[in-house]
Amino acid sequence: MSGRNLLSPVRTVGGTRRYSDDDLAQLGRITALLSEGINLAGNAKVLDLQDRNAHLDAEFTRLRKATTPRPRHEHATV
């Protein structure tokens with residue numbers, strides 16, 4: 001699957017692939033899509049769209065927080 005750029009494990013000096021926790025999570029996403037009948041080419045597109053959507057959602061949340069007016073604090077009069 002790494003040949004299709006769905007996973008990108010690092011390699012040791014000896015050339016052995018080392019899979020990270022993120023790679024294993026990605027493998028779980030790939031396996032779920034394969035079980036739904038989506039081939040590897042479709043997997044790549046779906047995963048890319050899901051990642052883009054998550055990025056856009058995070059950016060939207062950040063911008064919403066940055067532009068939401070903060071409540072004014074009333075000062076007590078003495």
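Helices (H or I, at least four residues) and strands (E, at least two) are DSSP runs, numbered from the N terminus. Contact means heavy atoms within 4.5 Å. In these terms, α1 is part of what covers the buried residues of α2, where buried means under 20% relative accessible area, exposed over 50%, and partly exposed in between (1.4 Å probe, protein chains only).

The model is predicted: local features need pLDDT of at least 70, side-chain atom pairs count only at pLDDT 80 or more, and totals for chains, interfaces and linings use all residues. Residues are numbered from 1 along each chain as its sequence is written, and side-chain values use heavy atoms, with hydrogens and water left out.

**Overall architecture**

- The protein chain contains 2 helices and 2 strands, and from the N terminus on these elements run β-β-α-α.
- Of the 78 residues in the protein chain, 13% are buried.
- The accessible surface of the protein chain comes to about 6,900 Å², as given by the Shrake-Rupley method with a 1.4 Å probe, where for residues only the protein chains shown count as cover. Carbon and sulfur atoms account for 54% of this surface.
- Among contacts between residues at least 6 apart in sequence, 23% join residues at least 24 apart.

**Nonpolar core**

- A nonpolar core is a set of buried Ala, Val, Leu, Ile, Met, Phe, Trp, Tyr and Cys residues joined through side-chain atoms within 4.5 Å.
- The largest such core has 5 residues, namely Leu6, Leu7, Ile30, Leu33 and Leu47.
- In soluble globular proteins, nonpolar side chains tend to be buried together.
- Apart from neighbours within four places in sequence, Leu33 is in contact with Ile38, Asn43, Val46 and Leu47.

**Helix α1**

- Helix α1 spans residues 21-35, 15 residues in all, and reaches 21 Å from its first C-alpha to its last, close to the 21 Å expected at 1.5 Å a residue. The expected span of a helix is 1.5 Å times one less than its number of residues.
- Asp23, Gln26, Ile30 and Leu33 are the buried residues of α1. They lie on the same side of α1 because they cover an arc of only 80° around the axis, the arc being that of the directions from the helix axis to the C-beta atoms.
- These buried residues pack against β2 (17-18) and α2, whereas the face of α1 turned away from the buried side carries the exposed residues Asp21 and Ser35.
- At the start of α1, a side-chain oxygen of Ser20 comes within 3.3 Å of the backbone nitrogen of Asp22.
- Gly37 follows α1 and has a positive phi, near 95°.

**Gln26 in α1**

- Gln26, in helix α1, is buried, with a relative accessible area of 15%.
- Gln26 and Leu6 are 20 residues apart in sequence and 7.8 Å apart in space, C-alpha to C-alpha.
- Leaving out neighbours within four places in sequence, Gln26 is in contact with Leu6, Leu7 and Leu47.
- The side chain of Gln26 also makes a polar contact of 3.0 Å with the side chain of Arg29. A polar contact is a pair of N or O atoms within 3.5 Å; within protein, one must be able to donate a hydrogen and the other to accept it, and residues adjacent in sequence count only if both atoms are side-chain atoms.

**Helix α2**

- Helix α2 has 28 residues and reaches 40 Å from its first C-alpha to its last, close to the 40 Å expected at 1.5 Å a residue.
- At the start of α2, a side-chain oxygen of Asn39 comes within 3.2 Å of the backbone nitrogen of Ala41.
- Gly42, Asn43 and Leu47 are buried in α2.
- Asn43 has a relative accessible area of 0% and is therefore buried. Beyond its neighbours within four places in sequence, Asn43 is in contact with Leu6, Arg29, Ile30, Leu33, Leu34 and Ile38.
- Glu59 is placed in helix α2 and counts as partly exposed at 29% relative accessibility. A polar contact of 2.7 Å joins the side chains of Glu59 and Arg62.

**Arg18 in β2**

- Arg18 lies in strand β2 and, at 54% relative accessibility, counts as exposed.
- Arg18 and Ser8 are 10 residues apart in sequence and 9.2 Å apart in space, C-alpha to C-alpha.
- Leaving aside neighbours within four places in sequence, Arg18 is in contact with Pro9, Val10, Thr12 and Asp23.
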